[in-house]
Amino acid sequence: MSKILVCDDDKEIVEAIEIYLTQEGYEVVKAYDGQEALKVLKETPIDLLVIDVMMPRLDGIRATLKIREENNIPIIILSAKSEDADKILGLNVGADDYVTKPFNPLELVARVKSQLRRYTSLGSTVKNENEAVYTTGGLSINDDLKEVTVDGETVKLTPIEYNILLLLVKNQGKVFSIEQIYESIWNEDAIGADNTVAVHIRHIREKIEINPKEPRYLKVVWGVGYKIEKL
């Protein structure tokens with residue numbers, strides 16, 4: 001049973017989310033501000049976090065920043081704000097997905113399931129005799145171990161970042177449009193996907209490139225999309 005931490009200062013929203021997640025077989029742990037969420041994460045193994053942006057004491061953005069210092073669990077941010085700038089901010093600090101209030105609880109449940117599937121896959125450490133390893137230059141992905149290394153150093157990626165990088169590395173030299181990347185990774189129509197994909201691409205570059213402004217591996221093809229250079 002996956003354990004979901006739901007954090008929102010509105011107790012009615014927390015209880016409503018709990019009802020829907022419990023019906024799907026998840027165990028729900030509750031917190032009502034960012035500090036409570038951090039405390040829970042230190043004391044309890046959590047598989048996914050749903051966290052509101054606007055909260056007292058410690059808001060969702062600053063809490064996510066602190067969590068990402070040492071934890072790669074999937075994070076879905078909730079916010080009453082629908083502007084692109086707020087969505088980008090959430091993704092910038094390390095969130096994997098973003099749901100705007102008011103939201104359809106069934107949509108939130110679907111996004112929770114989707115993120116957990118990716119996270120479970122990423123966490124697999126089963127080793128095969130013939131491991132699926134993809135390399136280009138000093139960049140290597142072992143897809144059986146779900147491990148990324150650059151020049152022998154392990155790189156920590158979120159599930160979304162890993163899946164984007166794997167898609168590109170498995171198809172070295174092929175240019176993928178933003179729409180193709182979004183639809184392949186999120187499994188939904190790419191409506192307003194530009195900013196979402198761009199933010200994750202930037203995060204990947206910051207982790208795998210020596211100089212993200214002059215990338216060796218992850219290249220942009222202006223007006224077309226992105227590709228991993230075949231070295």
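Which residues of E3 point one way and which the other way? In this predicted model, Leu 48, Val 50 and Asp 52 point one way from E3, whereas Leu 49 and Ile 51 point the other way, and all of them are buried. Strand E3 covers residues 48–52 and is mostly covered, with 5 of its 5 residues counted as buried.

**The parallel sheet around E3**

Strand E3 belongs to an open sheet of 5 strands, whose order is E2-E1-E3-E4-E5 and whose pairing is parallel. At the edges of this sheet are strand E2 (27–31) and strand E5 (97–100), each of which pairs on one side only. Direction ignored, neighbouring strands here are turned by 20° against each other on average.

On one hand, E3 is joined by 4 bridges to strand E1, residues 3–7, and these two strands run parallel. Within this pairing, Val 6 stands opposite Val 50 of E3, and Cys 7 has Ile 51 of E3 as its bridge partner. On the other hand, E3 pairs with strand E4, residues 75–79, again in the parallel sense and over 4 bridges. Here Ile 51 has Ile 77 of E4 as its bridge partner, so that Ile 51 is named in a bridge to E4 as well as in one with Cys 7. Helix H3, which spans residues 60–67, lies across E3 and E4 and runs at about 150° to E3.

**The antiparallel sheet**

A further open sheet has 4 strands in the order E6-E7-E8-E9, and its pairing is antiparallel. Its edge strands are strand E6 (133–136) and strand E9 (153–155), each pairing on one side only. Neighbouring strands of this sheet are turned by 25° against each other on average, again with direction ignored. Inside the sheet, strand E7 (residues 139–142) and strand E8 (residues 147–150) run antiparallel and are joined by 4 bridges, and Ser 140 has Thr 149 in E8 as its bridge partner. Helix H6, residues 159–170, packs on this sheet, where it touches E6, E7 and E8, and its direction makes about 110° with that of E7.

| Strand pair | Sense | Bridges |
|---|---|---|
| E1 and E3 | parallel | 4 bridges |
| E3 and E4 | parallel | 4 bridges |
| E7 and E8 | antiparallel | 4 bridges |

**Two helices in contact**

Helix H4 (residues 84–92) and helix H8 (residues 194–208) have axes that come within 10 Å and cross at roughly 25°. Because of this angle, H4 counts as roughly parallel to H8. The crossing of H4 and H8 is right-handed. From H4, the contact is made by Asp 84, Lys 87, Ile 88, Leu 91 and Asn 92, and from H8 by Asn 195, Thr 196, Val 199, His 200, Arg 202 and His 203. Sorted by kind, the residues of this contact of H4 with H8 are 3 nonpolar, 5 polar and 3 charged.

**A residue of helix H1**

Ala 16 is found in helix H1, which covers residues 11–23. Is Ala 16 buried, partly exposed or exposed? Its relative accessibility is 35%, and therefore Ala 16 counts as partly exposed. Ala 16 and Thr 154 lie 138 residues apart along the chain, and their C-alpha atoms are separated by 40 Å.

Definitions and conventions: Residues are numbered from 1 along each chain as its sequence is written. This is a predicted model: local features need pLDDT of at least 70, side-chain atom pairs count only at pLDDT 80 or more; totals for chains, interfaces and linings use all residues. Side-chain values use heavy atoms; hydrogens and water are left out. Axes are lines fitted to C-alpha atoms, for helices over the stretch in contact, and angles run from 0 to 180 degrees between N-to-C directions. Angles under 35 degrees count as roughly parallel, over 145 as roughly antiparallel, 65 to 115 as roughly perpendicular and the rest as oblique. A crossing is left-handed if the near helix is turned anticlockwise from the far one by less than a right angle, and right-handed if clockwise. Contact means heavy atoms within 4.5 Å. Ala, Val, Leu, Ile, Met, Phe, Trp, Tyr, Cys and Pro count as nonpolar, Asp, Glu, Lys and Arg as charged, and the others, Gly among them, as polar. Buried means under 20% relative accessible area, exposed over 50%, partly exposed in between (1.4 Å probe, protein chains only). Two strands pair if DSSP finds at least two bridges between them.
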